[in-house]
Amino acid sequence: MHSPPSRTPGRPLAAVVDLGTNAARLAMASLGPSGELVPEGRWRELIRLGEGVVRTGVLSAEAMERGAATLRRFAALIAGRKVDTLDAVGTSALREAANREEFLARAREAGIPLRVIPAAEEARLALAGVWAGLVPPPERALVFDIGGGSLELILGEGGRIRGDASLRAGVVYLTERHLRDMPTPPDQVEACARAVREMLREVRLDPRRPEGTPLVGCGGVVALAGFIGAGRPGGIQGRMLRLGEFEGWLPRFAGLDFAGRRALPGFEPGREDVALAGLIVALEVLRWAGREAFQVSTGGVREGRLRELLIGIT
């Protein structure tokens, strides 16, 4: 959590809560004179809402309490900012949990009217958020969004979806299934990579067509870019991450214990266990797509929904 900037006067203010399998995010924004998003505050907490869901099929009491406590904090921030319009969405963990209605009731009690969105809407919003940050926007792009519960693959053209796939290759689920130890032995790494490869083989998108389509990563990719590119000048938005970097980082990161991972420059605490799965997914996507590099986008579901909300009230 961090302190918000001063609100831009005279412009409608929108807020979006994005409750994922691993992280809870709140973003506020207004629209600038050219229709661009003007950030008015961003908050993120790692809550691991989907912990154990792949094994039990339900949200645990501890995970629900972590999620509810975060939503209460978000509700207080929203109330203090006089937001004009609000939406709150839940994704993979809530789609899969049999007891999601219990958590949705707790979210309402916390002051956040949370709704669960299908994978198709998640893909549409992620693409919209990424597209808004691509300058200049390409004619088409292949976007991959690494989440805690799922991996979204989206072929976009002119900002619209031309094809998509949702895979159960989120970092929380992969970690719980395959990456049990830190340091992580090679057989666990290979088991995880093999599972991701098998899922990607079933995807009906052709990542090499049309030729020259750029590859763009968002979601958990942003956290990976923090430590992979530590020391590089400039921000993360638009940064290029290369196949060779992931091939070099994967065995190095797997060989680190909890403290060694946390001590890496640019590493976000709280991701010590799941970041390895993120590296594996990104590397396998690069290989599946036949690319040497991809571009990082800090846009995603919340930015896409913020634009929709603001355009609807201006």
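User: In which sense do β1 and β2 pair, and over how many bridges?

Analyst: This is a predicted model, in which local features need pLDDT of at least 70, side-chain atom pairs count only at pLDDT 80 or more, and totals for chains, interfaces and linings use all residues. Residues are numbered from 1 along each chain as its sequence is written, and side-chain values use heavy atoms, with hydrogens and water left out. Strands (E, at least two residues) and helices (H or I, at least four) are DSSP runs numbered from the N terminus, and two strands pair if DSSP finds at least two bridges between them. Here β1 and β2 are antiparallel, joined over six bridges. Ala14 has Ala29 of β2 as its bridge partner, and three residues lie between the two strands of this hairpin.

User: In which sense does β1 pair with β4?

Analyst: That pairing is parallel and also runs over six bridges. Within it, Val16 is bridged to Asp87 of β4.

User: Which residues of β1 point one way, and which the other way?

Analyst: In a regular strand the side chains alternate between the two faces of the sheet. In β1 (14-19), Ala14, Val16 and Asp18 point one way, while Ala15, Val17 and Leu19 point the other way. Six of the six residues of β1 are buried, a term that means under 20% relative accessible area, with exposed over 50% and partly exposed in between (1.4 Å probe, protein chains only).

User: How much space lies in the largest pocket, and which residues lie nearest its centre?

Analyst: Rolling a probe the size of a water molecule over the atoms shows where empty space is left. On a 1 Å grid over the protein atoms alone, a pocket is an open set of points with protein on both sides within 12 Å along at least five of seven lines; a cavity is a set where a 1.4 Å probe fits but cannot get out; lining residues have an atom within 4 Å of a point. Grid points are joined across faces, edges and corners, and a volume is the space filled by probe spheres set on the points. The largest pocket holds about 730 Å³. Its lining has 44 residues, with Arg25, Arg44, Gly219, Gly220 and Arg271 nearest the centre. Helix α8 gives the most to this lining, six residues.

User: What lines the largest cavity?

Analyst: The largest cavity, of about 40 Å³, is lined by Leu142, Leu155, Leu205, Asp206, Pro207, Arg209 and Thr213.
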